[in-house]
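Please find below some brief comments on the model you sent.

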Amino acid sequence: ANQLGKTFPLATVSTVQQALNSDKKASQQLTQFLSIAGLAALLIGGIGIVNTMQVSLARRRMEIAMLKTTGYRRRDLYLLFGLEAAMLGLVGGVGGALVGIALSDGVRLLLEQVAAVNINFVLDWEIVLAGVGIGVATTCIFAILPIVRLSRVRPLAVLRDTPGTPSAGVVGSTVLLLALVGVLFW
């Protein structure tokens, strides 16, 4: 490499090992970038999940009050609405995986036509199932806060249509729940 560099001073000379190291570094940087982009997408999706669950459960305040008056405890409501959130996450994860598979195959077909190259389509079920699992986990993590907050609804406050004033305990538990969601997301 040194001899070629001296012979051709305007040319860039690199050894096979240098080229491999450069490619490996570029691959690692791309992987890190895609990981950060994926986490940002999960965080944005999580904020949407929190908002959707809050609206959904707020509209069902009367239902929650009725469940509490028939004997449901907070933990029963946590389980009930947690399972509902998990089912929604499962449906969304499966739907997202199917859309992702279809888009991947569409991009493959487009590239084959444009570049006139044959590209093999390999479907890795482990990755697809991991994606669905991440979707369910993300939904459950971000649904914790609205479920816990709206499970505190007092039936009498719903019947009188009073919002109730947040106490120091409610504010403190909300802060702890936000910290829990942050730790689980991390």
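The points below take the helix first and then the salt bridges of this predicted model.

1. Helix H5 runs over residues 125-151, 27 residues in total. From first to last C-alpha, H5 reaches 37 Å, close to the 39 Å expected at 1.5 Å a residue.

2. H5 is bent by about 40° at alanine 143. Proline 146 follows within four residues of that position.

3. The N-terminal end of H5 is capped by aspartate 124. A side-chain oxygen of aspartate 124 lies 3.2 Å from the backbone nitrogen of glutamate 126.

4. The whole structure contains 5 salt bridges. Among them is the pair of aspartate 76 and arginine 73, at 3.9 Å from N to O. Aspartate 76 is partly exposed, with 25% relative accessibility, and arginine 73 is partly exposed at 45%.

5. In helix H4 (residues 74-115), aspartate 105 and arginine 108 are 3 residues apart, about one turn of the helix. Their side chains form a salt bridge with an N to O distance of 2.7 Å. Aspartate 105 counts as partly exposed because its relative accessibility is 26%, whereas arginine 108 counts as buried because its value is 18%.

6. Arginine 108 also forms a salt bridge with glutamate 112, at 3.0 Å from N to O. Glutamate 112 and arginine 108 are 4 residues apart in H4, so about one helical turn separates them. Both glutamate 112 and arginine 108 are buried. In an α-helix, residues three or four places apart point the same way, because there are 3.6 residues a turn.

7. Arg60, Glu63 and Glu84 are joined in a network of salt bridges.

How values were computed
Residues are numbered from 1 along each chain as its sequence is written. This is a predicted model: local features need pLDDT of at least 70, side-chain atom pairs count only at pLDDT 80 or more; totals for chains, interfaces and linings use all residues. Side-chain values use heavy atoms; hydrogens and water are left out. Helices (H or I, at least four residues) and strands (E, at least two) are DSSP runs, numbered from the N terminus. The expected span of a helix is 1.5 Å times one less than its number of residues. The bend at a residue is the angle between axes fitted to the seven residues ending there and the seven starting there. A polar contact is a pair of N or O atoms within 3.5 Å; within protein, one must be able to donate a hydrogen and the other to accept it, and residues adjacent in sequence count only if both atoms are side-chain atoms. A salt bridge is a side-chain nitrogen of Lys or Arg within 4 Å of a carboxyl oxygen of Asp or Glu. Buried means under 20% relative accessible area, exposed over 50%, partly exposed in between (1.4 Å probe, protein chains only).
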